[in-house]
Amino acid sequence: MMNQVNSPGLWALAWRRLKADSVAMISLGVVSLFMLLLMLSYSGLIAADWDTEAGVSYAPPGFLHTANQQLTQPPGEQLSKPEATPVVADNPLDPLRDVIRELNQAQGNKDAAATTSQSENKDSSEVVDPIAQELAEIQAELAKKQQTQIQERADSLPFGADKWGHDIIKKTIKGAETSILVGIVAALLATLLGTLFGATAGYFGGRVDDFFNWFYSIFTSIPYLLLILSVAAVLQQKGVGTIILILALTGWTGPFRLIRAEYMKHKAREYVWAADAIGASHLRKMFIHIFPNISHVALVQVSILVVGFIKSEVILSFLGFGVPVGTVSWGSMLNEAQNELILGKWWQLTAATAAMALLVTAFSLFTDALRDALDPKLK
């Protein structure tokens, strides 16, 4: 009796094709690395102190700072930094400052015509500020603390600092957490909406299909970028949750079109007729029998939308409709970097652009390979 050999399923064949594609595996490794950084940053294990003033304002990258030192420093001579002398500024909050100044000026005018002997006794008639000594001590203490804080901040960081002295590397990792989280969650919600709408329209057809097609035509008739900017302007709220809601409500049209076509094709298959013959309900036929056979379409749509939504979040944050003040993302970093670039500070722009380009490229290559691997027509 011959042994029965089970044929590999769709996912097993897809994994075999992915392993045979070196570009797909490298892209998967890059995407996995970013996902690991996302989890570590979200848990607070890394980049938790990204907003700490680790360096001076616009601290240059370490390699650039070292190169400048080698060019300007004579051989054998060590750099010496003169100690800064704390400057005690006049305290504008002194309640008696202006009054005492006027009294001293009036007294000085009266004594201007006096003799030399009288002028020697002028100091005894001056009005003395009773809290001048205390204010001077407080100002000296504040200046000392400020000088200590400045001395603790580094002159250079591995990849530089922004205007407030934040480490660019930690800021880029924290920005990746926001941008990737927005892209993944928004893509899942948009695919969920598109799957529900497409399954309902494709399975039932008729007037239900006409209604969803009319609804779909309204969204697709408006340019996508203009649509998300309009929704953002209507909501008038900034935040990660708002961005996710905007992208999910405007990005379901692509999954809807593909899922609807798959349901229209599969509802006429024999296995659906068999399920109908044994009395299966509509929901059971839609999501227990049909959906597992087209789940690869939804998975590919999630991958495609993640790339598009990351770029959309960057655009929204760059234009001021994205994350609020105090939350960092790649878009907010690019928004800050446009002013820094005028001053010749290019490191924040380079870090955010390089990180986004690397992730988007790797995700796009992996998505193309996954789509080819899940296509049963390809061998």
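Reader: How many aromatic pairs does the count come to?
Author: Happy to start there! This is a predicted model, where local features need pLDDT of at least 70, side-chain atom pairs count only at pLDDT 80 or more, and totals for chains, interfaces and linings use all residues. Residues are numbered from 1 along each chain as its sequence is written, and side-chain values use heavy atoms, with hydrogens and water left out. Rings of Phe, Tyr and Trp (its six-membered ring) pair if their centres lie within 6.5 Å, with planes under 30 degrees apart called stacked, over 60 edge-to-face and the rest tilted; by this rule the count of aromatic pairs is 15.

Reader: Are the rings of Phe 215 and Trp 252 stacked or edge-to-face?
Author: Their centres are 5.6 Å apart, and the angle between the planes is 20°. That makes the pair of Phe 215 and Trp 252 stacked.

Reader: Is Trp 252 buried or exposed?
Author: Buried means under 20% relative accessible area, exposed over 50%, and partly exposed in between (1.4 Å probe, protein chains only). Phe 215, at 28% relative accessibility, is partly exposed. Trp 252 has 2% relative accessibility, so the word for Trp 252 is buried.

Reader: Which kind of pair do Trp 252 and Phe 256 form?
Author: Both residues, Trp 252 and Phe 256, are buried. Their ring centres are 5.6 Å apart and their planes stand at 80°, so the pair is edge-to-face.

Reader: Which residues do ring pairs link into a cluster?
Author: Trp 252 and Phe 256 are among them.
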